[in-house]
Amino acid sequence: MAPPAPAPSRVFAELDLAPSPVPEGRVGTPVLPGREVHVSGSAELSARPDRARVSMRLGSRKEAAAEARSSVSRRLQYIAHSARLRGVPEENMTVTEDFSRVENTYQMEAEVCIIFSDFGKMQNVCNLLTEKLGTSVTISPPHFYHTPEAIDTLRRQVCVTAVGNTRRKAQEVCRLFGQALGKPLLIKEEETKEWGGHIDSHLSHSADSQTLQERIQNATAYASCRVFAVFEIKGKENRRSKML
């Protein structure tokens, strides 16, 4: 059985040190152009979700309408007060209410949606409400997601990191040949990829049995970037001045 064919080689750096040919009709020595090193580099980064949304449902059915409203209202006030005490701003809490008549009774239902940027505070609030309100409130598992600003930051960081990795690779190549790296002449983004993560409008359908860390991991966003760059080669590396 013949051995498998070797994988095709990939050029990740190239030094352009050859002189340019003399133009036709002219006499003289070849012209030395600005020498260059061509390098490709890449980077991959991840970002954990920066927001979590928790929904809480509660309700009451009474023969008197005022009693149904009062029962739900007291619990809503307690939920809002507990969240505010732990630093949740008012604008991060949304309450929706539904009042209806069912047979000979009045039914009041409400849902509270709270957005957290601090996941430790989120756990504290949820644990407190579970302890104090018990089965009178149903707390859904948190939905973790990224704000658009967090995704934009990840995109910028992965591109900057890819450029930095490419420059370091160019420095290593020049050092290998005893050359000094100069200024960049061209930096071109060749490919970017993004995967994973959730945005605010994308509801996850993960199992309720998942742990908090598993949910955070499943909502983590990833991005990669590959760039091509051309750097100037300044000349021989001055080892003496470098030692000084």
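The model is predicted, so local features are reported only at pLDDT of at least 70 and side-chain atom pairs only at pLDDT 80 or more, while totals for chains, interfaces and linings use all residues. Residues are numbered from 1 along each chain as its sequence is written, and side-chain values use heavy atoms, with hydrogens and water left out. The protein has five helices and nine strands, these being DSSP runs numbered from the N terminus (H or I and at least four residues for helices, E and at least two for strands).

**Overall architecture**

- Read along the sequence, the elements follow the order β-β-β-α-β-β-α-β-β-α-β-α-β-α.
- Among contacts (heavy atoms within 4.5 Å) between residues at least 6 apart in sequence, 80% join residues at least 24 apart.
- Of the 244 residues of the protein, 32% count as buried, where buried means under 20% relative accessible area, exposed means over 50%, and partly exposed lies in between, using a 1.4 Å probe and protein chains only.
- The accessible surface of the protein comes to about 15900 Å², of which 51% belongs to carbon and sulfur atoms; such areas come from the Shrake-Rupley method with a 1.4 Å probe, and for residues only the protein chains shown count as cover.

**The packing of α1 against α2**

- Helix α1 (residues 65–85) packs with helix α2 (residues 119–133) at an angle of about 150 degrees, and their axes are 10 Å apart; the axes are lines fitted to C-alpha atoms over the stretch in contact, with angles running from 0 to 180 degrees between N-to-C directions.
- The two helices α1 and α2 are therefore roughly antiparallel to each other, a description that applies to angles over 145 degrees, whereas those under 35 count as roughly parallel, 65 to 115 as roughly perpendicular and the rest as oblique.
- On the α1 side the contact is made by R75, Y78, I79, S82 and A83, and on the α2 side by V125, L128, L129, K132 and L133.
- By class, the contact of α1 with α2 has seven nonpolar, one polar and two charged residues, with Ala, Val, Leu, Ile, Met, Phe, Trp, Tyr, Cys and Pro counted as nonpolar, Asp, Glu, Lys and Arg as charged, and the others, Gly among them, as polar.

**Buried positions in strands and a helix**

- S224 is found in strand β9 (residues 221–236) and is buried, with a relative accessible area of 16%.
- Leaving aside neighbours within four places in sequence, S224 is in contact with A43, E44, V158, E191, T192, K193 and W195.
- R53, in strand β3 (residues 51–62), counts as buried at 17% relative accessibility, and its C-alpha is 8.2 Å from that of Y145, although R53 and Y145 are 92 residues apart in sequence.
- A150 belongs to helix α3 (residues 148–176) and is buried at 18% relative accessible area; the C-alpha atoms of A150 and R51, 99 residues apart along the chain, are separated by 9.7 Å.

- Q123 lies in helix α2 and counts as partly exposed at 38% relative accessibility.
- E103, in the loop between β4 (93–102) and β5 (105–116), is exposed, with a relative accessible area of 69%.
- Most residues other than glycine have a negative phi, whereas E103 has a positive phi of about 55 degrees although it is not a glycine.
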